[in-house]
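Colleague: I would like to go through this model and ask what stands behind the words used for it. Please show it first.

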Amino acid sequence: MFKFELQKTAKDSKARLGKIITPHGEIETPIFMPVGTRATVKTMTPEEVKDLGAQIILSNTYHLFLKPGMDIIEKAGGLHKFMNWDKPILTDSGGFQVFSLSGNRKITEEGVEFRSHIDGSKKFISPEVSIDIQNTLGSDIIMAFDECAPYPSSYEYIYDSMMRTTRWAERCKAHHTREDQALFGIIQGGMYKDLREISAKDLVSMDFPGYAVGGLSVGEPLEIMNEVLDHTTEFMPQNKPRYLMGVGSPDYLFEAVERGIDMADCVLPTRIARNGTVMTSQGKLVIKNAKYKEDFSPLDPECDCYTCRNYSRAYMRHLFNVDEILGLRLATIHNLRFLIKLMEDIRESIRGDYFLEFKSDFYRKYGYNK
Ligand SMILES: CCCSCc1cc(N)cc2c(=O)[nH]c(N)nc12
Ligand SMILES: [Zn+2]
């Protein structure tokens with residue numbers, strides 16, 4: 001069954017410690033969740049992802065609906081079996097990806113018609129279809145079907161979109177029957193505080209087991225995200241998990257935790273790793289830079305990952321210079337471990353009542369001049 005235990009709330013911020021219990025295992029929060037869009041965390045085996053300390057991974061309804069399709073995954077016995085991952089999985093509902101990836105889409109009250117970004121074929125996803133897909137996937141946490149409006153959008157557009165997302169959430173709740181899956185509602189409302197309040201109150205009245213804050217990390221300045229988030233978490237239940245969608249850089253994670261967020265995800269760490277950019281305790285490092293040509297120190301001397309324990313910056317630079325696949329893998333191992341370890345350290349700082357001090361120390365070393 002699904003359960004959330006709130007263990008501690010910080011004295012000097014809204015940061016909190018918690019534990020989520022799912023049929024595939026427990027999750028300590030605050031947590032960063034690696035994204036495995038098409039049933040794989042790119043370049044990693046499930047064992048490697050587990051060794052990094054990942055407690056849960058994400059996957060995508062939109063992508064898996066298009067390829068390999070639900071028929072294959074159903075015959076495989078669900079997504080856990082299909083991808084050989086036996087810990088918790090969270091799946092997004094497909095709305096965000098339809099709007100960000102597909103062509104000539106048409107939104108109606110019923111759902112969204114769109115053309116596949118793979119072969120251009122006509123497709124349709126509604127709240128009910130999204131729930132059916134996630135039921136077939138068998139993920140532990142599933143998301144309500146929503147619209148993530150573009151940034152910036154007019155007040156009128158956001159109002160209409162948010163109210164439709166609320167009506168879609170009601171349909172998701174009515175259609176969802178699997179007891180062993182937790183359906184999270186997604187709060188929308190753009191950057192408008194009054195609309196965020198309406199969305200949150202309407203969804204909280206539907207009594208979901210957890211809530212996501214959607215419609216952020218869509219290109220808005222960090223200051224605006226912080227303001228909207230600070231406001232929105234005031235209307236979210238204390239005793240249920242709070243998930244900020246699409247966030248995965250150190251500063252965004254710190255700011256989100258400080259404002260009462262428990263869960264976050266992002267493709268950023270794995271995506272920039274494949275381009276040769278790594279996060280280190282001293283800030284971001286672009287490994288192809290000539291200054292690392294004869295630098296035989298690890299990517300990050302303070303990092304405990306396999307890459308930092310066995311390879312040098314010079315070697316990593318070489319791998320990226322000659323397009324060796326091992327470079328993508330070693331950089332991914334490092335970036336994922338960096339964020340997972342950062343969240344372990346953040347949890348420790350909340351436990352020990354020094355979260356804000358930890359945050360300012362980290363910001364100074366990382367080179368954030370905030
Ligand atoms: C696997 C990817 C999960 S997070 C994707 C995402 C990211 C961001 N930034 C916003 C949203 C949103 O508003 N709604 C939904 N369903 N998803 C969003
Ligand atoms: Zn490392």
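Modeller: A polar contact is a pair of N or O atoms within 3.5 Å, where within protein one must be able to donate a hydrogen and the other to accept it. By that rule, 13 residue pairs are in polar contact across the interface of domain 1 and domain 2. Keep in mind that the model is predicted.

Colleague: What makes these two separate domains?

Modeller: The domain assignment of the protein gives residues 3-265 as domain 1 and 269-369 as domain 2. Their centres, taken over C-alpha atoms, are 27 Å apart.

Colleague: How do you know how much area domain 1 and domain 2 bury between them?

Modeller: Buried area is the accessible area that two parts lose on being put together, summed over both. For domain 1 and domain 2 the value is about 2800 Å², and 68% of it lies on carbon and sulfur atoms. On the side of domain 1, L52, P250 and F254 lose the most area, together 25% of what that side buries.

Colleague: Why is the pair E255 and K359 called a salt bridge?

Modeller: The rule asks for a side-chain nitrogen of Lys or Arg within 4 Å of a carboxyl oxygen of Asp or Glu. The closest N and O atoms of E255 and K359 are 3.2 Å apart, which is within 4 Å, so the pair counts as a salt bridge. Across the interface of domain 1 and domain 2 the rule finds six salt bridges.

Colleague: Which element gives the largest share of the side of domain 1 that touches domain 2?

Modeller: That is α10, with seven residues.

Terms used: Residues are numbered from 1 along each chain as its sequence is written. Chains are lettered from A and ligands numbered from 1 in the order in which they are written. This is a predicted model: local features need pLDDT of at least 70, side-chain atom pairs count only at pLDDT 80 or more; totals for chains, interfaces and linings use all residues. Side-chain values use heavy atoms; hydrogens and water are left out. Domain bounds come from an automatic or database domain assignment. Buried area is the accessible area (1.4 Å probe) that two parts lose on being put together, summed over both. A polar contact is a pair of N or O atoms within 3.5 Å; within protein, one must be able to donate a hydrogen and the other to accept it, and residues adjacent in sequence count only if both atoms are side-chain atoms. Helices (H or I, at least four residues) and strands (E, at least two) are DSSP runs, numbered from the N terminus.
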